[in-house]
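Here is a short report on side-chain packing and helix contacts. Look over the sequence and the model before reading on.

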Amino acid sequence: LFQIFDAFKPRLHDSNSKVNQVALETMHKMIPLLKDNLSPVINMLIPAMVDNNLNSKNPGIYAAATNVIQALCQHLDNYLLLQPFCTKAQFLNGKAKQEMTEKLA
């Protein structure tokens with residue numbers, strides 16, 4: 001799992017917006033399949049999914065990122081998400097901070 005996501009993670013914040021968006025959409029499809037098996041890599045994935053994508057001016061990337069966050073909340077236990085979401089909410093700004101704060105609430 002680590003080898004796969006070590007290779008996949010850079011695509012989640014690729015400078016090419018089409019690659020970035022497809023990676024987010026792919027992640028959205030993988031979350032329901034992997035569910036709690038993502039727990040070993042969740043601390044690595046959340047920053048990659050959230051940092052630039054929730055503040056993106058590209059509507060496709062922003063929508064894909066919010067869909068990924070929603071899928072995480074639906075398919076993973078909340079205790080796995082609490083610490084990474086708190087950390088991101090603390091250090092983000094703009095729309096991303098608002099999204100993460102709402103998910104925490």
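The model is predicted.

**Rings**

Searching the whole structure gives one aromatic pair. Its members are Phe5 and Phe8, with ring centres 6.1 Å apart and planes at 85°. The geometry is edge-to-face, because planes over 60 degrees apart fall in that class. Both residues belong to helix H1, which spans residues 2–8. Phe5 and Phe8 lie three residues apart there, so about one helical turn separates them. Phe5 is buried, at 1% relative accessibility. Phe8 is buried too, with a relative accessible area of 16%.

**Helices H4 and H5**

Two packed helices are described by the angle and the distance between their axes. Helix H4 covers residues 59–75 and helix H5 covers residues 78–91. Their axes come within 8 Å and cross at roughly 140°. H4 and H5 are therefore oblique to each other, because roughly antiparallel would need an angle over 145 degrees. On the H4 side, the contact is made by Ile69, Leu72 and Cys73. H5 contributes Asn78, Leu81 and Phe85. By class, the contact residues are five nonpolar, one polar and no charged.

Where does Leu12 sit? Leu12 is in the loop between H1 and helix H2, the latter being residues 17–34. Is Leu12 buried or exposed? Leu12 is buried, with 0% relative accessibility. The C-alpha atoms of Leu12 and Ala48 are separated by 5.9 Å, although the two residues are 36 residues apart along the chain. Neighbours within four places in sequence aside, Leu12 contacts Asn20, Ala23, Leu24, Met27, Leu45, Ala48, Met49 and Asn53.

Asn20 lies in helix H2. Its relative accessibility is 5%, so Asn20 counts as buried. Not counting residues up to four places away in sequence, Asn20 touches Arg11, Leu12, His13, Asp14, Asn53 and Ile61.

The table collects the accessibility values.

| Residue | Relative accessibility | Class |
|---|---|---|
| Phe5 | 1% | buried |
| Phe8 | 16% | buried |
| Leu12 | 0% | buried |
| Asn20 | 5% | buried |

Methods
Residues are numbered from 1 along each chain as its sequence is written. This is a predicted model: local features need pLDDT of at least 70, side-chain atom pairs count only at pLDDT 80 or more; totals for chains, interfaces and linings use all residues. Side-chain values use heavy atoms; hydrogens and water are left out. Rings of Phe, Tyr and Trp (its six-membered ring) pair if their centres lie within 6.5 Å; planes under 30 degrees apart count as stacked, over 60 as edge-to-face and the rest as tilted. Helices (H or I, at least four residues) and strands (E, at least two) are DSSP runs, numbered from the N terminus. Buried means under 20% relative accessible area, exposed over 50%, partly exposed in between (1.4 Å probe, protein chains only). Axes are lines fitted to C-alpha atoms, for helices over the stretch in contact, and angles run from 0 to 180 degrees between N-to-C directions. Angles under 35 degrees count as roughly parallel, over 145 as roughly antiparallel, 65 to 115 as roughly perpendicular and the rest as oblique. Contact means heavy atoms within 4.5 Å. Ala, Val, Leu, Ile, Met, Phe, Trp, Tyr, Cys and Pro count as nonpolar, Asp, Glu, Lys and Arg as charged, and the others, Gly among them, as polar.
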